[in-house]
Amino acid sequence: MPHALPSSSSCEYRIEDLAHASGATVRTIRAYQDRGLLPRPERRGRSNVYGETHLARLRQIADLLDRGYTLASIKELLEAWDAGRGLGGVLGLVAEVSGPWTDEEAVRISRDDLDATFGGEPDDGAVAEAVELGILERVPGKDREFLVPSPQELAVAAELHAAGVPLDAISGHLRELRGQVEHIAARFLDFTTEHVFARYLGNRPPTDAEAAEAAGLVRRLRPLAQQTVDAELARAMRLFATRHLQQHLGATAPAAPVDPDPGPVTLPAHTVRAVQALVGPENVAAFVAAAAEREVQARTLDALASAHLSTD
């Protein structure tokens with residue numbers, strides 16, 4: 001409890017009490033004062049007296065530090081607030097940007113359940129790798145329990161492992177994929193900053209109104225990155241999966257049975273001349289037959305892939 005000090009204000013603190021109430025150390029409070037982040041206390045006789053304003057400021061600093069801001073940038077924000085431009089909107093924008101970007105909720109999993117999910121064989125090396133990658137987070141004080149920030153990501157890893165993919169291959173693939181996705185995220189942020197947010201991110205902190213408007217835009221634009229990636233990934237997977245299947249089946253798939261002697265097919269004269277110029281007169285028949293077979297096979301595979309994707 002803060003010491004009672006004679007004053008007309010609501011609550012007052014000595015520095016030790018302020019440190020206890022805020023969670024900061026005495027040394028940190030003094031360092032913030034020296035850097036201009038925290039107003040100087042009121043001097044009464046031989047005592048320094050702090051108030052609720054100091055406590056609120058310390059909590060704001062701690063919150064911004066947790067969100068990844070540097071002390072230099074925090075000082076600029078606080079100076080803007082002290083100059084009357086407001087901080088509420090900026091803190092709202094900070095909360096919007098640094099809040100969850102997914103609807104997933106973290107869950108906990110025991111080590112026994114984790115081992116069972118991946119075949120029942122304990123693998124300390126794989127667990128350590130998963131912790132390093134952030135797929136698992138250790139729970140303080142509980143050696144055999146983990147937090148799973150993304151249950152979907154863990155479920156994907158479990159399905160791949162059940163399909164026969166080694167754990168080290170899964171982690172290696174995730175590292176590569178993460179680098180590519182981070183590049184996509186950085187490009188999307190560069191793009192939206194250049195065309196949308198540049199007017200809010202000048203050489204000065206935004207006003208409350210500007211920050212509130214920017215926060216609203218973040219809420220509207222947040223799902224666009226994932227929607228765009230989902231659509232493009234679906235397009236690319238269909239394209240490359242079909243090609244991949246064609247490449248692997250083309251050389252070994254038996255020729256489709258044909259009716260005996262289906263009769264001759266007449267080709268336009270200009271088509272025959274074009275094929276002759278390409279492969280020579282002696283190879284015209286073989287070229288036409290191979291081209292026809294390839295077209296039939298491609299259309300068959302496209303139809304199969306389309307039917308599979310539509311059922312999914």
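Reader: Why is Q33 called buried?

Author: The relative accessible area of Q33 is 9%, and buried means under 20%, exposed over 50%, and partly exposed in between, with a 1.4 Å probe and protein chains only. At 9%, Q33 therefore lands in the buried class. Before going on: this is a predicted model, where local features need pLDDT of at least 70 and side-chain atom pairs count only at pLDDT 80 or more, while totals for chains, interfaces and linings use all residues. Residues are numbered from 1 along each chain as its sequence is written, and side-chain values use heavy atoms, leaving out hydrogens and water.

Reader: Where is Q33 found, and what does Q33 touch?

Author: You'll find Q33 in helix α2, residues 26–34; helices here are DSSP runs of H or I with at least four residues, strands are runs of E with at least two, and both are numbered from the N terminus. Skipping residues up to four places away in sequence, Q33 touches L38, P39, R40, P41 and Y50. "Touching" is contact, meaning heavy atoms within 4.5 Å.

Reader: How many helices and strands does the protein chain come to?

Author: There are 12 helices and 6 strands. Of the 312 residues in the protein chain, 25% are buried.

Reader: What makes R111 count as buried?

Author: Its relative accessibility is 10%, and that is under the cut-off for buried, so R111 qualifies. R111 is in helix α6, residues 111–117. Leaving aside neighbours within four places in sequence, R111 is in contact with P122, D123, D124, V127, R144 and F146.

Reader: How do you know that the side chains of R44 and E12 meet in a salt bridge?

Author: A salt bridge needs a side-chain nitrogen of Lys or Arg within 4 Å of a carboxyl oxygen of Asp or Glu. For R44 and E12 the N to O distance is 2.7 Å, so the pair passes. R44 lies in strand β2 (residues 42–44) and E12 in strand β1 (residues 12–13), so this bridge ties together parts 32 residues apart in sequence. E12 is buried at 7% relative accessibility, whereas R44 is partly exposed at 22%. They also belong to a network of salt bridges that links E12, E42 and R44.

Reader: Why is the pair of D190 and R187 called a salt bridge?

Author: The closest N and O atoms of D190 and R187 are 3.9 Å apart, which is within the limit, so the name applies. The two residues are 3 apart in helix α9 (residues 167–197), which means about one helical turn separates them. D190, at 45% relative accessibility, counts as partly exposed, and so does R187 at 46%. E145 and K142 meet in a salt bridge too, also with 3.9 Å from N to O, and K142 is partly exposed at 41%. Searching the whole structure turns up 12 salt bridges.

Reader: What makes I184, V229, L233 and M237 a nonpolar patch?

Author: Patches are built from residues with over 30% relative accessible area and no salt bridge; nonpolar side chains (Val, Leu, Ile, Met, Phe, Trp, Tyr) are joined within 5 Å, like charges within 9 Å. M237 has a relative accessible area of 51%, so it clears the area cut-off and is also exposed. Together, I184, V229, L233 and M237 have about 360 Å² of accessible area, as given by the Shrake-Rupley method with a 1.4 Å probe, where for residues only the protein chains shown count as cover. Helix α10 (residues 208–250) supplies the largest share, 3 residues, and M237 lies in that helix.
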